[in-house]
Amino acid sequence: MKNKILISLVFIIALVVSCDEDALFKTNPNELSPETFFATAAQVESAVNSTYGSLQERGLYSRHMFFMMDNMSQENGRNQQLEADKVEYIQFSFNSNHVSIPLYWDACYRGITNCNLIINNEEKINALPNSELTGPMKAKFIGEAKFMRALYYFFLVTRFGGVPINDGNSSEGQPRASVDDIYSIIIQDLTDATTSLRSKNVEDTGRATREAAIALLGKVYLFRDNKSAALTEFEKIYGAFELEENYFDNFTEENEFGKESIFEVVYDDEIGGQPWGIPSTGVAEAGFRGQEYGLLNWFNVHISDDLLDEFEPGDGRIQDNFYQAGDAYCCGIIQESDLADASGTIRRAGWKKYQNYHAEASEDQQSGINFKYLRYADVLLMMAECVYENDPARAVGYINEVRTRPSTGLDPLPTTLSSAQVFDAIVHERKVELAGEQVRFNDILRWGIADTELAGSNFQAGKHELLPIPQGEINANSALTDADQNPGY
């Protein structure tokens, strides 16, 4: 069994599941309180473990995160059987009453609430005797909470813009903060985490590490268009990881926590749990993407022509990302009929990435494959983005590290490319290297090319860069009004 963080659903002290007025900012008097907790090392660790749990909620990686991001980026095409709320992501037809967007919002705030419980009790944790919990361990547990809080706020600010700040100290609803204010929290939390977390060489798999905090901080700086600061962070971990020789090894249960992995969302099908099997939160220790995307199972989405056509001839990543008719899997050959949706329409390809068909004849609702949130190839391509304008040859070097891994089979790009040509190469490489990893929509937004890249969809510039704030949140939070809604909704 993989070495992983076990989330205690009974324990999660600060878990807030109500949708009543100001619910995300209230304290439940029936729950354990900080006054009676944090007395032992085991209690501190258990509280920190709970901060990871919201990643596994159905609003995030157990279900809606991959549909939301892959569908809006138009990497997925709709099969006939796809549920209506997922179709709305592809068609950009969602509104403030969309049934699933609140699940994303709530999961992030539940995660933040659990993180606040640790961070706001830093003094009490530090007061524990060193015989109970050493100083470095105290610091690293607090650092994990700060890393996770930064990640949840990053999920919120990239999808909604400015959002209310939940600092864990108020029982009332909070007004909408600015984007700058949210990023200030994120950057400070990650800066703190880089100095207190343990290195990947000594930390348990599944936990945030110093290298993960550095990588995420660099990514945040890049999203803020501070390329100099981003590069400074990335250079701290350059060479600390390696690329997998076989690209597909990044996406199987057998090869989790490999040398390319920086931070993963952990699943384990031996523990299991459907994403809607736990009341209110839908936390699940097993993933659901295999069943949803699997062409031999529900096959709710197929690969868009736009994504398929992006791959160069001979790029081995097309066989590692997708199944097409004639491809082998564990138990035979994919037939053209396997690529038919509920209407009988034959699709060009289905997902192979994050699927178990190399080892199993059928998917079910409990996949144990982890999601790679950060991996080294992503960092290398972000490093190229940091330097391409002033040093295109150096940027090409970073790109070539990614595109010439042995299983890819591609020739390196020439170092004589202009900066404009290198940017186009970055756009291409990120699209094919990180396909189906929930990154492309954010990429094309921050590059300012979404209007062009999503031409033919219903994407509207000035509106669909952000999701609508759930109407239920506006109604429930006394500090929000309809005037706080994002433009166009």
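Reader: In which helix is Lys227 found?

Author: Lys227 is found in helix H9, residues 227-237. Helices (H or I, at least four residues) and strands (E, at least two) are DSSP runs, numbered from the N terminus. Please note that this is a predicted model, in which local features need pLDDT of at least 70 and side-chain atom pairs count only at pLDDT 80 or more, while totals for chains, interfaces and linings use all residues. Residues are numbered from 1 along each chain as its sequence is written, and side-chain values use heavy atoms, with hydrogens and water left out.

Reader: Is Lys227 buried or exposed?

Author: Lys227 counts as buried because its relative accessibility is 16%. Buried means under 20% relative accessible area, exposed over 50%, and partly exposed in between (1.4 Å probe, protein chains only).

Reader: What does Lys227 touch?

Author: Leaving out residues up to four places away in sequence, Lys227 touches Leu222, Glu385, Cys386, Tyr388 and Glu389. Contact means heavy atoms within 4.5 Å.

Reader: Why is the disulfide of Cys330 and Cys331 left-handed?

Author: The torsion about the S-S bond is about -75°, so the disulfide is left-handed. Cys330 is partly exposed at 32% relative accessibility, and Cys331 is partly exposed at 47%. Cys108, by contrast, is in no disulfide, and the nearest cysteine sulfur, that of Cys115, is 11 Å away. Cys108 counts as buried, at 0% relative accessibility.

Reader: Turning to the nonpolar core, which residues have the most contacts inside the largest one?

Author: They are Tyr61, Phe147, Phe155, Ile186 and Phe263, in a core of 135 residues. Helix H6 gives the most to this core, with 14 residues. A nonpolar core is a set of buried Ala, Val, Leu, Ile, Met, Phe, Trp, Tyr and Cys residues joined through side-chain atoms within 4.5 Å. Apart from this core lies another, of 7 residues, among them Tyr329, Ile334, Leu339 and Tyr357.

Reader: And what does Phe147 touch?

Author: Its partners include Leu190, Leu197, Ala212, Leu216 and Phe263, with residues up to four places away in sequence not counted.

Reader: How many cavities does the search find?

Author: The search of the whole structure finds 5 cavities of 30 Å³ or more. On a 1 Å grid over the protein atoms alone, a cavity is a set of points where a 1.4 Å probe fits but cannot get out, and lining residues have an atom within 4 Å of a point.

Reader: What lines the largest cavity?

Author: It is lined by 17 residues, and the closest to its centre are Lys219, Tyr373, Gln438, Val439 and Asn442. H6 gives the most to the lining, with 4 residues. The lining divides into 9 nonpolar, 3 polar and 5 charged residues; Ala, Val, Leu, Ile, Met, Phe, Trp, Tyr, Cys and Pro count as nonpolar, Asp, Glu, Lys and Arg as charged, and the others, Gly among them, as polar.

Technical notes: 1 Å grid on protein atoms, 1.4 Å probe; cavity = no way out; pocket = protein on both sides within 12 Å on 5 of 7 lines; lining within 4 Å. Points joined across faces, edges and corners; volume = space filled by probe spheres on them. Disulfide = S-S within 2.5 Å.
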